[in-house]
Amino acid sequence: MAEVYSVMVVDDHPLLRRGICQLLESDASFSLFGEAGSGIDALSALAEDEPDIVLLDLNMKGMSGLDTLNALRQEDVTCKIIILTVSDAKQDVVRLLKAGADGYLLKDTEPDLLLSQLKQAMSGKTVVSEEVVEFLDELASTTDENEWIDALTPRELQILQHLAEGLSNRMISDVLHISEGTVKVHVKNLLRKADAKSRTEMAVRYLNR
């Protein structure tokens, strides 16, 4: 049986939000985890449980998409967070991806392509609309060697420190009283943020910072 991915839609435009939800419900590969009209509502909805994917609008009243993204990561929400926005500005693309977004998609994306990109995101790929993909080079060139460390959440930093001490995933889960599966997700996010090929490479870079 094919895997079904749960999605939370966060957008402050009710009509557009409803349309995105209906699109997701039209594909058997997705289930609707819920919807929220603001960053505050999203934080509340994700306090106890989280979906596989959060589709997050950038330009919202009150908490912006960036503020919401940062708050979710600070709360150790480890699911895929993909920005869905009208903004194709380079500074927005670079800022959101550096903050830990797993993708940056434009709202004029064809529906079938959007669904396909969400599936790609679940396979571990950073998904970016073709119109802004050129900005990925800018992202790489503006990233300081140790800047990724400053962007880590408190929990990620804890895990990185234990990795640098040589602890295994199981040992880290025992020390921090979290599941081994949660540790694995954090390690995967750490490797992505550090752009490292292995935990050893990441640990060495952390110790030599």
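Biologist: What should I know about the model before we start?
Modeller: This is a predicted model, in which local features need pLDDT of at least 70 and side-chain atom pairs count only at pLDDT 80 or more, while totals for chains, interfaces and linings use all residues. Residues are numbered from 1 along each chain as its sequence is written, and side-chain values use heavy atoms, with hydrogens and water left out.

Biologist: Which residues does the "Response regulatory" annotation cover?
Modeller: The unreviewed UniProt entry places that domain at residues 6-122. UniProt annotations may be inferred rather than shown by experiment.

Biologist: How much helix and strand is there over residues 6-122?
Modeller: The chain is 43% helix and 22% strand there, and the end C-alpha atoms are 11 Å apart. Helices (H or I, at least four residues) and strands (E, at least two) are DSSP runs, numbered from the N terminus.

Biologist: Changing topic, how many salt bridges are there?
Modeller: The count comes to eleven, a salt bridge being a side-chain nitrogen of Lys or Arg within 4 Å of a carboxyl oxygen of Asp or Glu.

Biologist: Where do Lys193 and Glu156 lie?
Modeller: Their side chains form a salt bridge, 2.8 Å from N to O. Lys193 is in helix α10 (residues 180-194) and Glu156 in helix α8 (residues 154-164), so the pair ties together parts that are 37 residues apart in sequence.

Biologist: Is Glu156 buried or exposed?
Modeller: Glu156 is buried, with a relative accessible area of 3%, and Lys193 is buried at 15%. Buried means under 20% relative accessible area, exposed over 50%, and partly exposed in between, with a 1.4 Å probe and protein chains only.

Biologist: Which residues are buried in α4?
Modeller: Asp92, Val93, Val94, Leu96 and Leu97 are buried there. After α4 comes Gly100, with a positive phi near 115°.

Biologist: On to open space: what lines the second largest pocket?
Modeller: Its lining consists of Glu50, Asp52, Thr78, Cys79, Lys80, Met122, Val185, Lys188 and Asn189. The largest share, three residues, comes from α10. The pocket holds about 210 Å³ of space. On a 1 Å grid over the protein atoms alone, a pocket is an open set of points with protein on both sides within 12 Å along at least five of seven lines, a cavity is a set where a 1.4 Å probe fits but cannot get out, and lining residues have an atom within 4 Å of a point.

Biologist: How many cavities of 30 Å³ or more are there?
Modeller: The structure holds one. The largest cavity has about 30 Å³ of space, and its lining is Arg73, Asp76, Val77, Thr78, Thr153, Glu156, His186 and Asn189.

How values were computed: Grid points are joined across faces, edges and corners, and a volume is the space filled by probe spheres set on the points.
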